[in-house]
Amino acid sequence: MIKTIWLKLAITILFLNLTACSTLSTQSVKPEQTDTPISKPSEKGWRYARFSIPRPKGTNPNWAMGALIAGEVINPILKKHRNQVDLWRFHRRAGQDKYGHVFSFIFYSPNSTAASIYQDIKTNSLLQRLQKEKQITLLTPDDLSKNPKSKIEDTSDKSWSDVIQRTWPSYIMGVSQMWLDVITEIDSDQDQSTKPEKRYQKVQEVVTEIWKREGKHAMLHHLNAIYAYQPIFMNF
């Protein structure tokens, strides 16, 4: 009888020890809680590459520098990454305010593609020279650990209707592609041994004349035709 009681007590103690060890073991191998990044490498979103161009007070914008950036910096990047970029466009502004003259390349792609694009921009030899000469300042790229603009409509004007916000990026990408094709084709007719800054001054002059002469019919008239020649309110 006493042996039986001691045997049961020993088994109970052994069971409790095993249970305690099991609990300790589980807690000791529990993975540490780590902060996961908001944006994953495969997650898509809108990203910006911005280039600030000096504009001394009282002077006209150097529009040719935007054409140069598009043709010599962004065009090779688009050829390399085109299959990984869903939507893209150029944006230009040159107000004499705190933002100044800025040329932007805006694109919708996976995070990993954006990282490669930023690296290609950073290592572009022409851009590096222009930065050293203070002809261009490459502004800080987007923080890829965050993705605040993940929807197609997130960079459209919020005053527009929802359907226009969602579809406008496709329209402006076509406009940007045409403009890029125009400047690269005109540049191909220039003497390539000429310094790029001088070459693109000529390109910009030719593009300006084309727009003055043909923009009304080739662009605006046919855009109006697509929308059935209906009247619109014009405000510039």
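Trainee: Which residue forms a salt bridge with D187?

Mentor: In this predicted model, the partner of D187 is R199, and their closest N and O atoms are 2.6 Å apart.

Trainee: Where do D187 and R199 sit in the chain?

Mentor: D187 belongs to helix α5 (residues 162-188) and R199 to helix α6, so this pair links distant parts of the chain, 12 residues apart.

Trainee: Are D187 and R199 buried or exposed?

Mentor: Both D187 and R199 are buried.

Trainee: Which residues are linked with D187 in a network of salt bridges?

Mentor: The network links D187 with E72 and R199.

Trainee: How many salt bridges does the structure hold?

Mentor: There are 10 salt bridges in the structure. One of them joins the side chains of K80 and D120, at 3.2 Å from N to O.

Trainee: What about D120, buried or exposed?

Mentor: D120 is buried: its relative accessible area is 18%, and buried means under 20%.

Trainee: Let us turn to E197. With which residue does E197 form a salt bridge?

Mentor: E197 pairs with R129, with the closest N and O atoms 3.0 Å apart. This pair also links distant parts of the chain, since E197 is in helix α6 (residues 196-226) and R129 is in helix α4 (residues 125-132), 68 residues apart.

Trainee: How does E197 count, buried or exposed?

Mentor: E197 counts as buried, at 13% relative accessibility.

Trainee: A change of topic: which residues form the nonpolar patch on the surface?

Mentor: The patch is formed by Y171, V175, L223, I226 and Y227, which together have about 520 Å² of accessible area.

Trainee: Which helices each supply at least two residues of that patch?

Mentor: Helices α5 and α6 each supply at least two of the patch residues.

Trainee: Where is the place of Y171?

Mentor: Y171 is found in helix α5. Y171 is partly exposed, with a relative accessible area of 41%, and a patch takes residues with over 30% and no salt bridge.

Definitions and conventions. Residues are numbered from 1 along each chain as its sequence is written. This is a predicted model: local features need pLDDT of at least 70, side-chain atom pairs count only at pLDDT 80 or more; totals for chains, interfaces and linings use all residues. Side-chain values use heavy atoms; hydrogens and water are left out. A salt bridge is a side-chain nitrogen of Lys or Arg within 4 Å of a carboxyl oxygen of Asp or Glu. Buried means under 20% relative accessible area, exposed over 50%, partly exposed in between (1.4 Å probe, protein chains only). Helices (H or I, at least four residues) and strands (E, at least two) are DSSP runs, numbered from the N terminus. Patches are made of residues with over 30% relative accessible area and no salt bridge: like charges are joined within 9 Å, nonpolar side chains (Val, Leu, Ile, Met, Phe, Trp, Tyr) within 5 Å. Accessible areas come from the Shrake-Rupley method with a 1.4 Å probe; for residues, only the protein chains shown count as cover.
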